[in-house]
Amino acid sequence: MTENSFPVTRTDAEWRAMLTPEQYQVMRGHGTERPGSCTLLHEKRAGAFACAGCGQPLFVANRKFESGTGWPSFDTPLEGATEETVDRSHGMVRTEVHCSQCGSHLGHVFPDGPPPSGLRYCINGVALNFEPE
Ligand SMILES: [Zn+2]
């Protein structure tokens, strides 16, 4: 991933200043939050989930579903809001999902979601800010 190819770019110092240590570890260090740790897991109001790194809306609330994994899960992102790369870390081949505007790591997408998309976007809640309608 080339850090400078995104519309929103920040220096490492800027990221550290604007994000909490946990957000930084997840979003800039490709970390994963502890399952069940994020209050957004149980957020059920109408609204949008925006990137905590740049504010771009990524998912709308009616695309969220209960996956039972402990991470906020969505079946479809907003068009153009996310990009994907192949992640071969931890001895697995997974599809990594990041924000198309600032490149911050969000989570992974798996092909075992509900119809019609059949996709499960497994997203770290700390990477999202919920904006109720
Ligand atoms: Zn972003």
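Predicted model: local features only at pLDDT ≥ 70, side-chain atom pairs only at ≥ 80, totals over all residues.
View 1. Strand β7, residues 105-110, runs antiparallel to β6, and 4 bridges join the two. If you want a place to start looking, find Val-97, which stands opposite Gly-107 in β7. On its other flank we meet β8: β7 and β8 pair in the antiparallel sense, again over 4 bridges. Here Phe-110 stands opposite Arg-120 in β8.

**View 2. The open sheet of 6 strands.** Follow the strands across and you will read the order β3-β4-β8-β7-β6-β5, with antiparallel pairing. The edges are formed by β3 (64-65) and β5 (82-87), each of which pairs on one side only. Between β4, residues 73-74, and β8 there are 2 bridges, and these strands run antiparallel. Phe-74 stands opposite Tyr-121 in β8.

**View 3. The two faces of β8.** Which residues of β8 point one way, and which the other? Arg-120 and Cys-122 share one direction, while Tyr-121 and Ile-123 take the other, and all are buried.

View 4. For comparison, the ideal angle for four tetrahedral donors is 109.5 degrees.

**View 5. Ser-104 in the loop between β6 and β7.** Is Ser-104 buried or exposed? Ser-104 counts as buried because its relative accessibility is 0%, under the 20% cut-off. Beyond its neighbours within four places in sequence, Ser-104 is in contact with Trp-15, Met-27, Arg-28, Gly-53, Val-97, His-98 and Cys-99.

**View 6. The largest nonpolar core.** This core has 26 residues, and those with the most contacts inside it are Phe-49, Leu-58, Phe-59 and Leu-128. At least two core residues come from each of α2 (21-27), β1, β2 (57-60), β6, β7, β8 (120-123) and β9 (128-132). The biggest contribution is from α2, with 3 residues. Zoom in on Leu-128 and, leaving aside neighbours within four places in sequence, you will find it in contact with Leu-40, Phe-49, Ala-50, Ala-52, Leu-58, Phe-59, Phe-74 and Ile-123.

View 7. Glu-14 sits in helix α1, residues 12-18. With 41% relative accessibility, Glu-14 counts as partly exposed. Pro-114 is 100 residues away along the chain, and the C-alpha atoms of Glu-14 and Pro-114 are separated by 38 Å. An unreviewed UniProt entry carries the annotation "domain: MsrB" for residues 12-133. Over residues 12-133 the chain is 11% helix and 33% strand, with the end C-alpha atoms 32 Å apart.

Terms used: Residues numbered from 1 in each chain as written. Heavy atoms only, no water. Pairing = 2+ DSSP bridges. UniProt positions renumbered as here; feature names shortened; annotations may be inferred. Core = buried A, V, L, I, M, F, W, Y, C linked by side-chain atoms within 4.5 Å. Buried < 20%, exposed > 50% of the residue type's maximum accessible area, 1.4 Å probe, protein only. Contact = heavy atoms within 4.5 Å.
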